[in-house]
Amino acid sequence: MADVLLRVDGLFKHFGGVIATDHVHWSVPEGEMHALIGPNGAGKTTLIHQLSGALRADGGRILFAGRDITRSSLHQRVHLGVARSYQITSIFRGATVVHNLALAVLARSGSSLRFWRPLARETALFEEARRLARQAGLGGREYVVAGRLAHGEQRQLEVGLALATRARLLLLDEPMAGLGPEESQRMVALIAALKGSITLLLVEHDMDAVFRLADRISVLDSGRIIATGTPEAIRNDAEVKRAYLGEDGIA
Amino acid sequence: MATLILEQTLNGLQFGLMLFLLAAGLTLVFGIMDLINLAHGSLYMIGAYLVAAVVRATGSFALAVLVAILGTAAIGILLEVTVLRRLYTRDHLSQVLATFALLLICNEVVRLVFGSQPVMLSMPNGLAGPVQLLPGFYYPAFRLAVIGVGLAVAVLLYLLVGRTRAGMWVRAGASNREMAAAMGIDVKLLFTAVFGVGAALCAVAGAMLGPILAVQVGMGESILILAFVVIVIGGIGSIRGALVGALLVGMVDTVGRAFVPTLLRSFLSPAVASGVGPALASIAIYVLMAAVLFWRPQGLFPARA
Amino acid sequence: MRNRLAIGVLLLLIAFPLAAKHWDQLFYVSFASRILIYALAASSLNLILGYGGMVSFGHAAFLGTGAYTVAILMDEGVSSAWVSWPLAFFVSALFALVIGAVSLRTRGVYFIMITLAFAQMAYYLFISLRAYGGEDGLNLATRSRVGFGLDLASDLTFYYVVLALAAACLYLMQRLLNARFGQVVQAIRDNETRMEAIGFPTYRYKLICFALAGGAAGLAGALLANQNGFVSPNLLQWTQSGTLMIMVILGGVGYLYGGVLGAVVFLVLEEALSAYTVHWQLGLGLALLAIVLYARQGLAGLLADAVAGRR
């Protein structure tokens, strides 16, 4: 049995009178591909924000590899091994794909308080960036300016940037968002290739992808985890069906 | 001593209320249209100059104020329709620079028309003398009138914004512009109207402060900064915040200037106290603003959703 | 291509005073010094504004602090440029570090306001320094002493010193922008959230950038104090910050030579127009408005577009 990599203890978050995260207890073992699903407004993104450090929880603890990261900042968590991708594409539109990824590599390549030597001369850095581009399925598109990429390619870069941090835990927030069928296939392949080598927390609405990729699935409803289990178990869970009533056709 | 404190408190109240007139327009424009308008002080200046010009021509202060209000509102609306409208979608830096350009243009146009020398604007005859408020305590009638006007406008704005349908639109716009538009509010007209009202308020402030301070080119700049400090403290988009902020700033500034040097003199040498005193008093409001930004970054009464 | 152009301009700048001296038009040398000093100041603002995305409305405070450092030291008997000029840089950089530490915790318009507020505080602070002239300002007894047989009292010598410093600073700025630090700062400007999300402590980088720019402005201030022979609190007025911003946007925000171009155009226009009319600021205002509305990229941008279009 793999060690627990991520553990969430009684996590609590409210916005005024609305409780977004309602004392969530949860754990994800290392190497697992874990999906988080739930109806709209369940609080999935809020939970991701708290895990990544974008939002401060109001109560509870987040433990990563045994270490309490509840108070750690966004960038600190990245160095500890937790990285995320965004639901709304957040890349560097004016830079090439390679430059985008190079920035992520740069973040873990020593101090950037260097003022003299041109970055362009750091060939090792850019070589790794090109390798990452290929891993993200953008081989051959390395020198395209990110803003000019097709939507699907931008989503690939979005995930690629998170990958480039060499994190142990990746939080992917709806990577399939806005993708057509062909692009979705590419994204599924990209993520499937990561199985085993990295721990993945996947928030998604695309049920096909979820059931194909996930080792285990957790269902979030109104800020609470109402079920956790294998895809089969979730598929047959009465609570889950009730939560999704009329929402998605889970075959 | 007690009369001095009372006098300075009234002065602070008077200054604060006038700041409120400026800040109210500024905060609405900023809150609803998301526009930083550095030319707001120029409208105040134009208002004061119009009052001075009409008084010189007709001798009637009341008429002058009326003309100034209408004239400044007209100029404000003209500016909004021609230039400012294009800035709503632009970034803050562009707005700062464009309105700074308007500030320069207004200054020069006024200089062209009226010359560089300060213009005399005397208090209306009926209010020129002192009024006895308490036995042994006299206070200028005009300043009392200013306080009165300020309070009246505050009440008027409160009723307008809080109790009328138009006011509801304004509050909706300040809270969430897109939603307001989606609900069918004629946003363009609303913006122009808000701007016009803001300009009118500037004119009133100019008319009231003109006789007390000096009417000269550049008079808008010094008060503009204070108005910005007020809306940052009060919360952008909030009229209530503008009132509280303005009173706070007006008091701190006036009372500070009056008493800090004296206070310092009690434990510093007179030379140092007279040097540092006014500086500290001037700095006080900025320290206040920095403190508010640090602890309550959205201001005291944020209007934004 | 751009570097060749820059070297060409540099050679012209080196040659031109000799020509001016030959034709007995030394006034232009002094004017050129003034332009170079403001080019340095505007470029330092361009670093944080154009490349860092930080709209600071209080940059004049660092210019003024540097100027006052030199003036106050000279008043106290220290006139060596080797002491007062580096000190001007460091004092301004330190000042910027403190102001930046507080201001950079805010965003957007609040950042603009708080930098403005700090500049105002500095302005009033210098007015309160009665011992150093207060509101009336402070004269410098002489220009700073450089040694090596060079006398800065000669406008020609002073010009070459200013040119050397300005060129050196601009070169350093170019290297900085292409190095790790500059690339990180520019990426932060483009998408700060993502930079944090890939592991960069963005606040730290912005702060260091802010401090460096403040220091460079302080150096420009030191030169300005020498150029004018006089410092006054007016150097720190917010309208001065506005002037620096105008120069940057005129020249082109985020272009390497934006600050230089802006300073040149602004000061030449000011000189030329004020000979015609005392109301030259009206023309300036209209030009600025036109640029903001129709030519956002400033002159450098227009030039870059023209060159790109021609290719």
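1. Two residues are taken to be in contact if their C-beta atoms, placed from the backbone, lie within 7 Å. The model discussed here is a predicted one.

2. Between chain A and chain C, the contact draws 25 residues from chain A and 19 residues from chain C. On the side of chain A that touches chain C, helix 2 (74-80) and helix 3 (97-107) of chain A are the elements that give two or more residues. By residue class, this side of chain A comprises 15 nonpolar, six polar and four charged residues.

3. Between chain B and chain C, 35 residues of chain B are in contact with 34 residues of chain C. The elements of chain B that contribute two or more residues to this side are helix 4 (92-114), helix 9 (219-234) and helix 11 (270-295). Helix 4 of chain B provides the largest share, with 16 residues. The side of chain B that touches chain C consists of 26 nonpolar, five polar and four charged residues.

4. Within chain B, strand 1 (residues 130-134) and strand 2 (residues 137-140) pair in the antiparallel sense, over four bridges. One of the residues concerned is Pro130(B), whose bridge partner in strand 2 of chain B is Pro140(B).

5. Strand 1 and strand 2 of chain B form a hairpin, with two residues between the strands. In the turn, Gly136(B) has a positive phi of about 85 degrees.

Methods: Residues numbered from 1 in each chain as written. Chains lettered and ligands numbered in written order. Predicted model: local features only at pLDDT ≥ 70, side-chain atom pairs only at ≥ 80, totals over all residues. Nonpolar A, V, L, I, M, F, W, Y, C, P; charged D, E, K, R; others polar. Pairing = 2+ DSSP bridges.
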